[in-house]
Structure formats: C-alpha cells, structure tokens
Amino acid sequence: MTSQNLKQLLLSIPKWILICGFIGILSGSASAFFLVALEWVTQFRIHHDWIIWLLPIGGFLVGLSYYNWGESVVKGNNLLLEEYENPKREIPFKMAPLVLLGTLLTHLFGGSAGREGTAVQMGGAIADQFTKIFKLDNSERKILIILGISAGFASVFGTPLAGAIFALEILYFSKINFKSIVLSFLVAYVAYFTVEFWEIKHTNYSIPVVPDLNFHNLLYTLIIGLLSGFAALLFARSTHFWSSLFSKNIKYPPLRPFIGGIFLALAIAGLGFTKFSGLGVPVIVDSFSNANPWYDFLLKILFTGFTLGAGFKGGEVTPLFFIGATLGSALSVIIPMPIALLAGMGFVAVFSGATHTPVACTIMGLELFGIQPGIFIAIACTIAYFSSGSVGIYKSQIVRGAKYKFYQKLSRKELEHL
C-alpha cells in the first residue's frame, strides 16, 4: 500500500464511523417506531377481530399506494439486492414510508406477513440517502446498502451479530471488501443499541434442556434439518407461485391484494383461521412448550405465500420462524428430543434454507437461545441450507457455489431422462 493510499484510508475512517452512526441511529429509531406501531395495530386487531372482514379494503389501499407512488420501489428487498449487484440509481427514500404504511395496514387487517422486509427496506432507503450527502461513488454505495440491511435486520430482531452477518451472507457471491465487514458489525450494534435506548422489548425464547450429541440425536437433527429445508423450499415456491398467478391474471395491480383480501378474510375470519394472521408470535412462543398440530406449518406457508403473493406488504422471516417452530414442535410427538430444542432448530433452520444464509441463522440461534444448543442449531441450519433447493425467497439473490452446482447437475440429469 502506498503512502497516498494509506492516507486516504486513514482520512476515510472518521467519515465511515460518522455514516455508520447516522444510519444506525436513524434505522434503529425507524425500527423502534415500527415495532411500537406494529404492536398497536396487532393488539387492535386482536381486540376488534371484525376488522379482518375489511382486509380487501386494506389490500386495495396498499396496492393503490404502490401503484400511484411506489412503482420504483415495489420490488422491495429484491431492489436492494439488484442495486448492490448492479448500481444504477439511488434508492428513493419513499421506499421507507411506503413499506411502513403497507406493512401496518397488512397487519391491522389480519394479513399473514412478517416484519423483517419492512425494517430492511427502511434501513436500505435511509442508508442510500447518504450517497448524495457524502458524494459517494458506486463502490461506496454498495457499502451503504450492506449497512442498511445490517441495521434494519439487527434492530428489528435484536440480534446484532446475526444482522451484520446476514447482510454480508445474503450478498456473499457478490464482491464484498473487508471495509464492508467491519462497518456492517459497527452499524448493526449502533442500530441494536438505539432500539435498546428507546426501551423496545424483543420476544424472549428459551431452550432449557439440551441433550448430549450422540448418534441418535445426531440422526434426529439431520432429519429436522432435512424437513426444514423442504419446508423452506415449499414456502419459497409458494410465494413465487401466488405472485406469478396474481400478476398474470389481474392486470390492475391494486385489485390483486383486494381480491386476495377477499379470500383471506373468508378463510381467516369466516373459517376461524385467526391464528395464522399477523406475525403469529404467540403461536411461536407456545411451540416451545406445547406440540402443534402437524398441519400448522403447512397452513402458515399457504396463508403467508398467498398474502405476500397477492401484493400485501411485510416480511417473510417471522412467518419462517412460525413455520419452523411449529414443524419442530409437531415432530416432538415422534422424535424423542426436548420440544423446545426441536422448535428452536426448526425456527432458524427453515429461515436458513429459505434465504441461503446458514451462518447468519446459526449465529441468530446462538443469540436467541444461548450457546448450549449451538451444535444442534448449526447442523440443522447447514442441512436445511443444502436441502432447500437453489431458489430462495429473494428472486434477485445470487446463489453460486457447491450447492448451486449440485442443483444445476440435478436439473440437467432430469432433463436428460425426459
């Protein structure tokens, strides 16, 4: 490194620390507001469940807002991934208020969705505004997008290590420099402590009993990982299927969530499937102590895939937690392992398979459940990652490496036998 390059590096350190501070505080504060507002609309819906019948109207409002003002940001998380891989133009700030409003309306009226996508998109939109302020080039813009994803994820789930690694791992097969790694951890902790400053509480989970890792328990863990990977694959395919179906058959975008809302309202309110509306956190918590019916995880896949495919807003990750926890919990009736451990493994393993991020999901498991069940969580996340196929929940995510090559060869063999 030349003296000139060293000087530029040293001069850039205060600038990036300042940028991380701004992004972390702003994104963390946005997530704090979002979590408070989300809790309010959720409690309102629970105590006024008649509002679910208005889900078509809520869907129409969400669709209309994006149709009139959000065409440039409707891709959501995929837009962040695309801008990182091929920077073209600054992400409009309006992504943040639009996804915030859309998600709150979705949850208020009872749609089945999550919250990670909202926090990540708000973080990404906030972060990219610093491109103009600091006159950054495209390579530096890429760092901003990583910082936005990291801050949003870390703040909404209260998992700074997982947030920092998730932002890097989701873009693993694109070029990531060392500076991005350091700054991703820095901004994640700033965002995390900002939410702590606002005294926002995250859900606590516990795995009180962890058995020894013997041959039988290893075999059971492999089975959990394999089934979690299949559940992740089914969820990703379901979401893409419904999105394609609505797009092809309903040309006017605001009508998609309106019509989807009619079916959802009839199913959720009319048939009594209210446990599958919203985030479903109470069901997730209950899964750690009580066995769920075997079909709960399948119904959550159906309801969330349909909700997001129809054009409602929110995230996929908390529904993935629901799917994984209820799957693991249901398996407790046939697998002789502690129910909390089974639910915890499913919780993060389905997420791992659906996002191709086994390292981040393993770290998240450690942050949420402690280090004791770490080996079980790591094995389950790794197996789920390899068994979930090559298509995840983010269409614009670049997936390469051994897993991708394996599924390419498998596809070619299938075609040869046709």
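# Notebook: contacts, rings and surface

I began with the contacts of the protein chain. Among those between residues at least 6 apart in sequence, 80% join residues at least 24 apart. I note here that the model is predicted.

**Overall build.** I looked up the secondary structure next. The protein chain has 18 helices and zero strands. Its radius of gyration is 21 Å, close to the 22 Å that the globule rule gives for 418 residues, so the chain is as compact as a globular protein of that length. I also took the box along the principal axes. The C-alpha atoms fill roughly 65 × 55 × 55 Å.

**Burial and surface.** I checked how much of the chain is covered. Of the 418 residues, 57% are buried. The accessible surface comes to about 18100 Å². Carbon and sulfur atoms account for 67% of that surface.

**Helix H3.** I then asked how many of the nine residues of helix H3 are buried. The count is seven, so this helix, residues 77-85, is largely enclosed by the rest of the structure. I listed the buried ones: Asn-77, Asn-78, Leu-79, Leu-80, Leu-81, Glu-83 and Tyr-84. What do the buried residues of H3 pack against? I found three partners: helix H4 (95-108), helix H5 (116-128) and helix H7 (138-157).

**Aromatic pairs.** I turned to the rings. A pair of aromatic rings is described by the distance of the centres and the angle of the planes. The structure holds 31 aromatic pairs. I looked up Trp-40 and Phe-44, which form a stacked pair. Their centres are 5.4 Å apart, with 20 degrees between the planes. Both residues sit in helix H1 (residues 3-47), and being four residues apart they are separated by about one helical turn. Phe-44 is partly exposed, at 26%.

Trp-242 and Phe-306 form an edge-to-face pair. I noted 4.9 Å centre to centre and 70 degrees between the planes. This pair links distant parts of the chain, 64 residues apart. Trp-242 lies in helix H10, and Phe-306 in helix H13 (residues 296-310). Trp-242 and Phe-306 are both buried.

I also followed a cluster linked by ring pairs. Its members are Phe-153, Phe-157, Phe-166, Tyr-205, Phe-288, Phe-321, Phe-347, Phe-351 and Phe-369.

**Helix H10 and the nonpolar patch.** I went back to helix H10 for its surface side. A nonpolar patch on the surface has about 830 Å² of accessible area together. I wrote down its residues: Leu-213, Phe-215, Leu-218, Leu-219, Leu-222, Ile-223, Leu-226, Leu-227, Phe-230 and Ile-375. Which helix gives the most to the nonpolar patch? I found helix H10 (residues 215-249), with eight residues. Phe-230 has its place in this helix, H10. Phe-230 is partly exposed, with a relative accessible area of 45%.

**Asn-217.** I looked up what Asn-217 touches, not counting residues up to four places away in sequence. The contacts are Pro-211, Asp-212, Met-337 and Phe-376.

Note on methods: Residues numbered from 1 in each chain as written. Predicted model: local features only at pLDDT ≥ 70, side-chain atom pairs only at ≥ 80, totals over all residues. Heavy atoms only, no water. Patch = residues over 30% accessible without salt bridge, like charges linked within 9 Å, V, L, I, M, F, W, Y side chains within 5 Å. Areas by Shrake-Rupley, 256 points an atom, 1.4 Å probe, with all protein chains shown as cover. Salt bridge = Lys/Arg side-chain N within 4 Å of Asp/Glu carboxyl O. Helix = DSSP H or I, 4+ residues; strand = E, 2+ residues; numbered from the N terminus. Buried < 20%, exposed > 50% of the residue type's maximum accessible area, 1.4 Å probe, protein only. Rg over C-alpha atoms; globule rule 2.2 N^0.38 Å. Contact = heavy atoms within 4.5 Å. Phe/Tyr/Trp six-rings, centres within 6.5 Å; stacked < 30°, edge-to-face > 60°.
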